[in-house]
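Here's a short tour of one protein chain.

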Amino acid sequence: MSILRIIAIAAALVGLADSIYLTVHHYTAEPVPCSLIDGCETVLTSPYAEIAGVPLAVLGAAAYFAAFSLALLAIFGNRTAWTLFGVQAVVMAIFTSWLIYLQAAVIGAFCQFCLLSAITTYILLTAYIISLLVRQKNPV
């Protein structure tokens, strides 16, 4: 079970680094280099890149930091923290799914850094779901 929490911590740190990178680029107004796919600037400068003037990257950094903190607390035995981590992961995955829909159906472009964030979020959710399945098989 603790391996899933370690995976969650690692994934949250990847997501945090990605979000901080995008936040820095947002506030310095530097274009984000898209080396794998075209569309980063289209996505990151779209009206959907902010909520009430706050860049989504800032919100992502806060969400990933919270996920990291909760998973870290869970490693030290805090069961409530792991439950809250699960709630966080579900909310993040729902929001991420919405953002992927926006990129595909509304904006018509994809950002590789946004897709990295999506993969990271789904890893967080998967780690939590697997932990529930393992707990169900082996109740403590």
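## The core

A nonpolar core is a set of buried Ala, Val, Leu, Ile, Met, Phe, Trp, Tyr and Cys residues joined through side-chain atoms within 4.5 Å. Buried means under 20% relative accessible area, exposed means over 50%, and partly exposed is in between (1.4 Å probe, protein chains only). In this predicted model, the largest such core has 22 residues, and Ala-8, Ala-67, Ala-71, Trp-82, Phe-85, Met-92 and Leu-124 have the most contacts inside it. Helix 1, helix 3, helix 4 (79–107) and helix 5 (112–137) each give it two or more residues. Helix 3 provides the largest share, eight residues. Helices (H or I, at least four residues) and strands (E, at least two) are DSSP runs, numbered from the N terminus.

What does Leu-124 touch, leaving aside neighbours within four places in sequence? Its contacts (heavy atoms within 4.5 Å) include Ala-8, Tyr-64, Phe-85 and Met-92.

Most residues other than glycine have a negative phi. Ala-29, though, has a positive phi of about 60 degrees; this residue sits in the loop between helix 1 (2–28) and helix 2 (40–44). Ala-29 counts as exposed because its relative accessibility is 64%.

Ala-52 also has a positive phi, about 55 degrees, and lies in the loop between strand 1 (50–51) and strand 2 (54–55). With a relative accessible area of 81%, Ala-52 is exposed too.

## Confidence and ground rules

The chain's mean pLDDT (the predictor's confidence in each residue, from 0 to 100) is 94, and 98% of its residues reach 70 or more.

Residues are numbered from 1 along each chain as its sequence is written, and side-chain values use heavy atoms, leaving out hydrogens and water. Local features need pLDDT of at least 70 and side-chain atom pairs count only at 80 or more, while totals for chains, interfaces and linings use all residues.
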